[in-house]
Amino acid sequence: MKKKSILLYLVTGLATLSSCDTNLELENPSQLTSTSFWKTPEDLESGVATVYNTLVDNNNAGYWEIQAMQLKENRTENFVARNDVQDRYAVSYYKNDASTVLTGDIFKALYIGIFRANQVITYAPQIKNINEVKREQLVAEATFLRGLNYFNLVNEFGSVPITTSLVQTQSDYFKSKSIEAEVWNQVISDFQFAANSALPENYPATLRGRVTKNAAIAFLGKTYLYMKDWAKAEEQFNKLVSNEGSNGYGLLDNYSELFDGKHENSKESVFEIQFSKVGGSTIWGGTPAERTRATTMAQECAPGEVGGWNELLPTTVLLNAMTQEKTVTGDFDPRALATLAWNYPGCIFYNSNFASKFGANAIWIRKNQNWWNNDEGDWKSELNEYAMRYADVLLMLAEAKTMQGKVPEAIPLVKRIRDRAKLPDISMTGWTKDQMMAEIMHQRNVEFAREGLHFFDLRRWGTLETVIKTSQVGGYQLFTPKFSYYPIPQSELNNNPNMTQNAPW
């Protein structure tokens with residue numbers, strides 16, 4: 001049985017503050033909560049819980065729930081969307097526009113998270129009878145989560161409005177956009193605050209899933225990396241990699257254990273999104289207390305033969321990339337075997353011979369699927385998602401060093417990733433920056449397939465358009481650079497007189 005840890009805390013908090021997530025443009029929920037809530041330490045805990053909940057709320061397109069997770073992947077050459085869900089299909093085939101409802105829902109969900117974080121930050125000082133260190137920790141958690149929502153907003157939409165306080169008047173709702181650099185600076189400010197706070201470096205098992213000081217450092221480094229500030233990115237990642245003895249980070253020896261449901265919140269977990277079969281039984285709709293804390297992502301990606309909806313389909317392009325290099329014993333890369341199921345000798349998938357049940361030419365996702373069962377059962381999966389793994393930290397540090405010309409210093413970092421995958425030992429001595437970056441690009445693609453990173457990697461490397469068009473996957477003919485970001489939603493343009501569309505949309 002999975003530890004409930006923070007999940008019960010999330011359920012309680014969500015039920016308490018459920019009125020705060022709707023009609024953000026029309027009314028000011030803070031007027032109610034400022035008088036009837038925000039009085040006790042428990043209120044503050046519940047307030048922070050609602051910020052966490054926005055990351056996984058299926059009813060509001062949480063960023064690590066089924067909608068956004070699939071869209072992060074089906075925009076790449078590695079996956080395509082089934083055509084039964086119009087908006088996901090439109091994004092996958094580069095037919096989406098400002099009126100696409102699903103991307104608008106993601107925009108809204110991210111701002112719900114920001115609104116809830118701003119409530120915590122605003123009302124925390126008035127809470128009485130609370131330990132001051134605990135108060136600081138809760139504010140730091142909320143500030144980190146606000147930064148994370150802004151990171152996802154600027155990463156997905158580009159220029160967006162910044163709001164760091166609660167609204168006081170009707171006009172406060174109608175914020176103008178800030179330029180991308182200003183949004184990135186807000187992300188840095190929030191992550192720096194959390195990284196320099198009283199947050200612990202690690203939590204006990206019962207509290208795993210909560211933000212730590214080390215998670216804030218890691219995401220601060222990632223922010224600098226995305227901004228191409230290589231030196232500052234290296235500085236942050238070095239804080240983690242040079243202190244493995246005290247922070248406990250490392251790579252699991254067996255890659256497949258990352259996704260088997262038995263080794264969650266391990267030493268490789270920097271920030272992990274928690275799912276569990278606690279709470280209610282309702283998957284969609286219902287009150288917050290009635291909804292499960294599980295995810296339907298595994299059901300969405302499973303084949304129809306086991307009751308799945310086959311919504312996210314791996315491509316031969318991905319399979320070819322993952323089988324490009326064999327292990328020292330001539331076997332498939334263990335990352336390929338943990339990520340995909342296909343017709344290789346002895347492949348067992350959902351307790352069946354692959355070719356016999358699914359067809360000789362099929363390719364299905366194995367990562368984060370309950371493939372060791374007969375089927376996906378009641379649609380509710382408790383397999384966690386990774387917001388960041390330590391392998392990501394190692395490869396980002398290798399990239400930051402490489403981009404500064406420190407290729408020799410990147411070698412041992414990349415070697416750790418290759419060694420865990422049991423790949424042959426290759427000599428990287430004397431490699432140029434371009435050679436090392438080519439290796440890092442390949443390793444990131446294979447290491448993190450299905451984890452929602454690849455699209456953003458391609459974009460920041462400047463290879464997105466070339467890779468998409470070369471792949472000849474899905475709607476590759478329709479891809480133009482404007483699809484590198486989502487457009488500002490039409491609903492926001494209609495409701496906010498100060499909002500304008502981002503170029504080139």
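Trainee: Is the crossing of α3 and α6 left-handed or right-handed?

Mentor: The crossing of α3 and α6 is left-handed. A crossing gets that name if the near helix is turned anticlockwise from the far one by less than a right angle, and right-handed if clockwise. Helices here are DSSP runs (H or I, at least four residues), as strands are (E, at least two), numbered from the N terminus. Before we go on, note that this is a predicted model: local features need pLDDT of at least 70, side-chain atom pairs count only at pLDDT 80 or more, and totals for chains, interfaces and linings use all residues. Residues are numbered from 1 along each chain as its sequence is written, and side-chain values use heavy atoms, with hydrogens and water left out.

Trainee: At roughly what angle do the axes of α3 and α6 cross?

Mentor: Axes are lines fitted to C-alpha atoms, for helices over the stretch in contact, and angles run from 0 to 180 degrees between N-to-C directions. Helix α3 (residues 41-53) and α6 have axes that cross at roughly 160° and come within 8 Å. The two are therefore roughly antiparallel (over 145 degrees; under 35 is roughly parallel, 65 to 115 roughly perpendicular and the rest oblique). On the α3 side, L44, G47, V48, T50, V51 and N53 make the contact, and on the α6 side G113, R116, A117 and V120 (contact means heavy atoms within 4.5 Å).

Trainee: Which residues of α9 and α10 meet?

Mentor: From α9 come N214, I217, A218, L220, G221, K222, Y224 and L225, and from α10 W230, K232, A233, Q236, F237, K239 and L240. The axes of helix α9 (residues 213-226) and helix α10 (residues 230-241) come within 7 Å and cross at roughly 160°. That makes α9 and α10 roughly antiparallel, and their crossing is left-handed.

Trainee: How many aromatic pairs does a search of the whole structure find?

Mentor: A pair of aromatic rings is described by the distance of the centres and the angle of the planes. Rings of Phe, Tyr and Trp (its six-membered ring) pair if their centres lie within 6.5 Å; planes under 30 degrees apart count as stacked, over 60 as edge-to-face and the rest as tilted. The search of the whole structure finds 35 aromatic pairs. Take Y111 and Y150: their ring centres are 6.4 Å apart and their planes at 90°, so this pair is edge-to-face. Y111 is in helix α6 (residues 101-123) and Y150 in helix α7 (residues 132-157), so the pair ties together parts 39 residues apart in sequence.

Trainee: Are Y111 and Y150 buried or exposed?

Mentor: Y111 is buried at 14% relative accessibility, and Y150 is buried at 0%. Buried means under 20% relative accessible area, exposed over 50%, and partly exposed in between (1.4 Å probe, protein chains only). Another aromatic pair, F157 and Y486, is tilted, at 5.6 Å centre to centre with 55° between the planes. F157 belongs to helix α7 and Y486 to the loop between α20 (464-471) and α21 (490-495), 329 residues apart. F157 is buried at 1%, and Y486 is buried at 2%. Together, F107, Y111, Y150, F157 and Y486 form one aromatic cluster.

Trainee: Which ring does R75 lie over?

Mentor: R75 lies over the face of F455, 4.2 Å from the ring centre. A charge sits over a ring if NZ of Lys or CZ of Arg is within 6 Å of the ring centre and within 35 degrees of the ring normal. The charged end of K326 likewise sits over the ring of F332, 5.0 Å from its centre.
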